Amino acid sequence: MSTIKYPTAVKSRKVSNIQDFHSGRGMNLENEINESNKFYRAGDYALIYKKPTPVQVVRVDYPERRRAKIVEAYYRTPSTTDYNGVYRGKYIDFEAKETKNKTSFPIYLIHPHQIEHLKKVKFHGGIGFFIIRFTSHNETYLVDAPLLIEKIETIERESIPYDWFRENGHIIKEGYQPRLQYLKVVDKLYFS
């Protein structure tokens with residue numbers, strides 16, 4: 001904890017977390033990945049996008065001529081994963097998840113159709129992985145899809161311990177640009 005003394009010396013105020021540049025970021029994992037992908041695209045490092053969720057619009061209201069409002073819509077099919085694209089000549093596909101849980105990652109956050117999709121990515125020679133954030137630890141990991149899928153399919157619990165990610169995942173460093181430097185981990189894991 002630090003003390004800030006104002007020039008008038010009338011009041012001093014104690015401020016906590018003055019050295020913690022993470023406090024009050026206001027960005028969630030998806031926003032940080034989107035910002036990182038913009039940086040990667042702008043610099044021609046990679047071409048990776050967030051996949052749109054397929055939605056079927058059923059009913060639209062037009063309260064004014066130029067202001068259409070969707071009032072009823074349905075998901076057409078379950079979305080596969082969050083992101084895909086090309087990096088260094090290879091197809092990349094990944095899912096991003098975050099949890100506030102301090103001790104484990106709940107398996108229900110990863111859906112069976114996502115597992116099947118990432119298995120097919122691997123089968124066809126692509127690179128598949130998960131980006132998992134433990135918000136309570138302020139840590140973000142990149143985990144190879146086949147490794148995490150094997151754990152999900154063999155564990156007898158409904159969650160994977162946090163320590164498993166520390167041992168098997170690769171920490172993603174944070175920075176200014178890109179916000180999440182996940183391609184450095186991809187280089188190390190898949191191109192070394």
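Which residues does S159 touch, not counting residues up to four places away in sequence? They are S104, F105, P106 and I107, where contact means heavy atoms within 4.5 Å. This is a predicted model, so local features need pLDDT of at least 70 and side-chain atom pairs count only at pLDDT 80 or more, while totals for chains, interfaces and linings use all residues. Numbering runs from 1 along each chain as its sequence is written, and side-chain values use heavy atoms, with hydrogens and water left out.

S159 sits in strand 11 (residues 159-161); strands here are DSSP runs of E, at least two residues, and helices are runs of H or I, at least four, both numbered from the N terminus. With a relative accessible area of 13%, S159 is buried (under 20%; exposed is over 50%, partly exposed in between, using a 1.4 Å probe and protein chains only). Its side chain makes a polar contact of 3.2 Å with that of S104 and one of 3.4 Å with that of R157 (N or O atoms within 3.5 Å, one able to donate a hydrogen and the other to accept it; residues adjacent in sequence count only if both atoms are side-chain atoms).

Now for the charges. R133 forms a salt bridge with E174, closest N and O atoms 3.7 Å apart (a side-chain nitrogen of Lys or Arg within 4 Å of a carboxyl oxygen of Asp or Glu). R133 lies in strand 9 and E174 in the loop between strand 12 and helix 5, so the pair ties together parts 41 residues apart in sequence. R133 is buried at 2%, whereas E174 is partly exposed at 21%. E174 also pairs with R179 at 3.3 Å, and E32, R133, E174 and R179 are linked in a network of salt bridges.
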